[in-house]
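The sequence and structure come first.

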Amino acid sequence: MSDVTTQAADILRVLDLASVVVFAITGALVASRKQMDIVGFLWLGVVTGVGGGTVRDLLLGAPVFWVANATPLALCLGAAAIVHFSAHLVASRYRFLLYLDAFGMALVTTVGTAKALDMGAGPLVAVCMGVITAAVGGILRDILGQEPSILLRRDIYVTAAACGSIALLVADGVGVPRLAAIGIAIGVGFGLRALAVRFD
């Protein structure tokens, strides 16, 4: 394995952990809005943080990432606990939640797509894995938090995830180095979702 490939794999692992934390925070912020106790914060944080990646790994036949290594689970619990004691400092939780969720969506879409490609999945399956990784955690969060589901709203979310995933495929296909392709995919996914949030 070349140094560039190793570096790209390391960055994907870091992004995977970062996305888990970001999604766990969004789950915990929903718990804050619903005025749940700390158990509710931890529950929503974990389910949101690892939900999409769990379904992705099960469908790909890969070891479930947080079972193989408990670090993501510990990060989810830690992030949710921190939010429990600090959520009151966030002046506009809902708007903050939307932008944070957009960033998390872009991260997990990229990680999910890259993981599927690295496991030999075809382009269509890789895009589906990226979207599943991005959407499932948020869907579970919304259901458990009794929020309108992202799938039932007139909203650009799954479309933004799919575009980010396709951007990674295209960048890979035309020979863009993996590190740059990762940046492009994250930029496309986050950019589209952030614009949707900004202009309602």
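## Basis

The model is predicted: local features need pLDDT of at least 70, side-chain atom pairs count only at pLDDT 80 or more, and totals for chains, interfaces and linings use all residues. Residues are numbered from 1 along each chain as its sequence is written, and side-chain values use heavy atoms, with hydrogens and water left out.

## Nonpolar core

A nonpolar core is a set of buried Ala, Val, Leu, Ile, Met, Phe, Trp, Tyr and Cys residues joined through side-chain atoms within 4.5 Å. Buried means under 20% relative accessible area, exposed over 50%, and partly exposed in between (1.4 Å probe, protein chains only).

The largest such core has 16 residues, of which Phe23, Met105, Ala116, Val131, Ala134 and Ala161 touch the most other members. At least two residues each come from helices H5 (93-118), H6 (123-144) and H7 (158-173); H6 gives the largest share, five residues. Helices are DSSP runs of H or I with at least four residues, numbered from the N terminus.

Beyond its neighbours within four places in sequence, Ala134 has contacts (heavy atoms within 4.5 Å) with Phe23, Met105, Val108, Thr109, Tyr157 and Ala161.

## Helix H6

H6 has a kink of about 30° centred on Ala135; the bend is the angle between axes fitted to the seven residues ending at a residue and the seven starting there. After H6 comes Gln146, with a positive phi near 55°.

## Cysteines

The whole structure has zero disulfides, a disulfide being a pair of cysteine sulfur atoms within 2.5 Å. For Cys128, the nearest cysteine sulfur is that of Cys163, 14 Å away. Cys128 is partly exposed at 38% relative accessible area, and Cys163 is partly exposed at 30%.
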